[in-house]
Amino acid sequence: MDPLTHSLTAADLQHRGAAVEAFRVTKRFGAFTALDAVSMKVEAGSFHCLLGENGAGKSTLVKCLVGYHPPEEGGFMVDGREHDIRSPRDAQRLRIGMVYQHFTLAPGMTVAENLLLARGDLPLRIDWRHEKAALAAFLDSTPFRLDLNALVADLAAGEKQKLEILKQLYLGQRLLILDEPTSVLTPGEADEVLGLLHGMTRDGRLTVLMISHKFREVSAYGDGVTILRRGKLAGSGRVGELSTAEMAEMMVGSSVAVSSGRRRCAADQTQAIGEIRLDVEGLHADNDRGTPSVRGLDLSVRAGEIVGVAGVAGNGQKELVEVLLGQRQASAGQVRVAGEDYQASRAQMRRHGVFSLPEEPLRNACVPAMSVAENMGLRDFDIAPYAGGWLSLGFLRRRALSRRAKALIEAFGVRPDDPATAIENLSGGNVQRAVLARELSGPVKLLVVANPVFGLDFAATEAIHRRLDQARNEGAAILLVSEDLDELLELSDRIVVMSEGVIAYEALAGQADVAAIGRYMAGHGH
Amino acid sequence: MSDGGDSLAFGSLALALLGGALRVSTPFLFVSLGECITEKSGRINLGLEGILVLGAMSGYGVSLASGSPWLGVLAAGLCGLVMGLLHGGLCSLAKVNDIAVGISLMLFGTGLAFFLGKPLIQPQAPMLPSLELGAWSDSAQLQSALRINVLLPLGLLLALLLHWGFRASRWGLALRLVGDNAAAARALGYPVVAIRIGATAAGGFLAGVGGAFLSLYYPGSWNEGLSSGQGLMAVALVIFARWNPLRCALAALLFGAAGALGPALQSQGITAGYYLFNAAPYVLTLALMAASWMPGRSLAGAPGELSLTQR
């Protein structure tokens with residue numbers, strides 16, 4: 001081959017998606033085998049999905065591929081040639097980049113500054129006029145649209161995700177690995193981001209490898225799929241040729257029905273719905289920056305119903321939940337529980353049976369360094385039968401707390417099953433289970449829940465949804481705030497859409513029009 | 001008393017305040033710019049009070065020994081640099097808290113300065129020169145108000161330079177990234193620990209220079225009550241200025257004016273409550289902190305890694 005043709009092919013390859021093959025990759029952490037001879041084939045310019053439950057080894061496999069921990073056995077082929085990927089630098093040289101589940105952006109800096117910092121070879125003095133023109137030209141070459149001068153802290157989650165992807169494209173990556181890219185996005189944002197990436201793979205400019213456990217996304221965007229289970233290859237194939245049920249079976253290892261939006265009929269539940277438990281009237285609240293976030297919201301929840309609050313993140317849901325939980329001061333309006341003015345005092349919570357499962361429970365509902373037993377006792381450690389004793393001086397009865405914790409751990413399947421473990425050492429799903437166990441252990445009359453299955457795997461999600469359903473059937477009034485529309489459609493009796501701090505749309509779940517919900521979520525309803 | 005007399009008195013009080021502000025603000029300016037650099041990197045150095053005092057002592061001593069006040073300023077800066085390196089290094093160890101290290105450095109710095117500075121209380125060292133910006137005027141009062149020290153324009157220039165550099169230099173961007181999201185900086189290959197140590201050392205250098213001003217220009221002698229908490233107030237000032245060097249300069253002038261309130265009133269013949277008016281900077285600190293810390297709000301513009309802004 002003469003040098004000219006050779007350089008032409010090399011230059012040509014730079015603008016095309018990479019083909020990647022993993023061959024019998026094995027990775028051990030001590031005695032634990034995280035990956036056991038896993039092989040995977042990702043074709044050039046394809047959109048490949050990596051499916052599996054939490055702990056199946058998906059993240060380990062891609063971390064081997066980007067050089068974070070090199071495998072013990074096996075290796076990788078990029079564009080048909082074997083490459084030893086020992087460090088992130090090696091991966092960067094092969095133009096393989098990864099977008100992590102958690103944002104790695106500097107919130108106090110602008111979009112342009114974040115992009116420029118990713119480049120790494122900054123000049124001592126930055127000519128912003130020149131750099132901005134170059135960045136704008138780069139943005140034009142991609143399908144993504146972002147304001148270069150916007151502060152990252154002011155971006156919505158979907159825009160942040162776009163910026164993370166842009167950072168990798170800016171580095172000229174030919175293979176983009178995405179670790180559950182849509183876990184923090186609304187369905188609309190997810191479709192937009194994945195659709196744009198899908199378009200780039202159609203041009204052959206990019207190969208995408210996406211870790212996911214959402215079948216909807218896999219079916220809509222994937223070309224090929226590789227499924228892992230417990231560190232082993234459970235199956236692979238083309239997306240069109242595998243049914244969702246087959247993929248689910250490979251993923252969890254047994255034949256389980258995938259809940260496909262069990263939409264309830266409004267008729268079979270009207271008799272169960274009782275009196276108004278939570279009544280919010282004209283509520284106003286400011287966000288952390290002091291700007292109005294909840295702006296005159298009216299909402300009521302009756303006994304025996306789940307009211308689902310849908311909405312794009314940042315439309316006041318977080319502030320609403322914080323006001324209801326007593327974490328934030330309302331600036332105006334009224335919250336009544338069972339007809340009484342409610343300030344979220346401990347006495348009122350007890351009197352009215354108000355419980356909650358806030359988002360990020362480790363931060364919002366736990367004392368991380370305390371044990372599981374102590375955390376499970378936070379609601380009632382100071383009343384009989386857990387306090388009192390000698391001369392009624394209010395001594396803790398640790399044994400009673402521990403005994404009750406053991407029972408709850410058993411009933412809710414918290415792992416590890418030792419009540420003395422510090423709760424911060426539990427996995428996300430188990431923290432969620434432990435907090436839910438605490439919140440559902442008393443007579444629940446009103447339950448406020450926010451994003452209860454965020455980042456949880458299939459089994460944990462099912463377990464928590466079952467518990468919520470059960471609490472509702474026992475007559476609790478439940479307010480469920482979630483960014484996952486599928487979850488809301490599955491669980492709610494009534495769905496409301498929150499947009500710009502008010503309820504913009506309301507419908508019984510059985511009659512809800514998903515297209516209308518989407519329009520109102522996007523703020524185009526009126 | 002006539003109206004004319006009133007406005008004359010008010011005018012000369014304003015002049016006295018302006019002069020005081022220009023005179024007293026310099027250490028605030030240097031310490032707050034130093035602290036601004038350090039905090040932009042995601043750490044707080046409360047030890048700047050100790051560095052200020054140590055800088056005052058070492059600057060005075062070197063000026064006395066060498067006969068050159070500029071060598072004194074340099075020595076004070078280098079002393080601060082070493083203290084900054086000490087703070088930066090200690091905080092880089094695992095599980096070491098920057099606030100606690102800062103408080104111990106504050107006590108260490110002042111203690112060391114008092115110990116080594118005993119023989120410096122009596123002799124008179126050569127002072128820093130001043131610029132006569134008011135030479136065009138006949139008014140003695142205006143001349144005295146506009147007699148500024150050489151360090152003040154240098155400090156204002158530095159504020160401009162920092163304001164530009166934070167935005168448009170490689171070092172500025174890297175510094176802000178490290179202070180805003182250390183994990184992201186690490187992922188992009190920026191040396192987080194080295195940048196923080198460097199930023200703390202630079203902050204220490206500037207605080208040391210601020211100290212040299214105290215002993216070599218105004219009040220212009222070495223004694224143990226020299227600083228009276230200016231290093232600590234500068235930390236509050238940075239928060240008030242929302243980590244912006246230009247606003248740091250304005251805030252330093254404001255604090256300077258507050259500090260000059262007591263002497264200015266005294267020069268007008270108002271001696272009642274002299275000590276009360278001298279407390280004005282402390283009252284201002286409290287009021288500003290209360291005003292900038294509204295409950296339920298986070299501080300806009302705060303570096304994300306700063307321990308005091310993290311919930």
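**Reading a sheet and a chain contact**

Trainee: Which residue in S5(A) is the bridge partner of A:Phe76?

Mentor: A:His83. This is a predicted model, where local features need pLDDT of at least 70 and side-chain atom pairs pLDDT 80 or more, while totals for chains, interfaces and linings use all residues. Residues count from 1 along each chain as its sequence is written, with chains lettered from A and ligands numbered from 1 in the order written.

Trainee: How many bridges join S4(A) to S5(A)?

Mentor: Strands pair if DSSP finds at least two bridges between them. Here S4 of chain A (residues 73–78) has three to S5(A), and the two run antiparallel. The names are DSSP runs numbered from the N terminus: helices are H or I, at least four residues, and strands are E, at least two.

Trainee: What is the strand order in the sheet of chain A?

Mentor: S2-S1-S4-S5, an open sheet with antiparallel pairing. S2 (32–42) and S5 (81–83) are the edges, each pairing on one side only. From one strand to the next, the twist averages 30 degrees.

Trainee: Which strands does H2 of chain A lie across?

Mentor: Angles run from 0 to 180 degrees between N-to-C directions of lines fitted to C-alpha atoms, for helices over the stretch in contact. H2(A), residues 58–65, lies across S1 (20–29), S2 and S4, at about 115 degrees to S1(A).

Trainee: How many residues does each chain bring to the contact?

Mentor: Contact means C-beta atoms, placed from the backbone, within 7 Å. Chain A brings 23 residues and chain B 21. On chain B's side, H7 (170–180) and H8 (182–187) each supply at least two, and H7(B) gives the largest share, five residues.

Key. Two residues are in contact if their C-beta atoms, placed from the backbone, lie within 7 Å.
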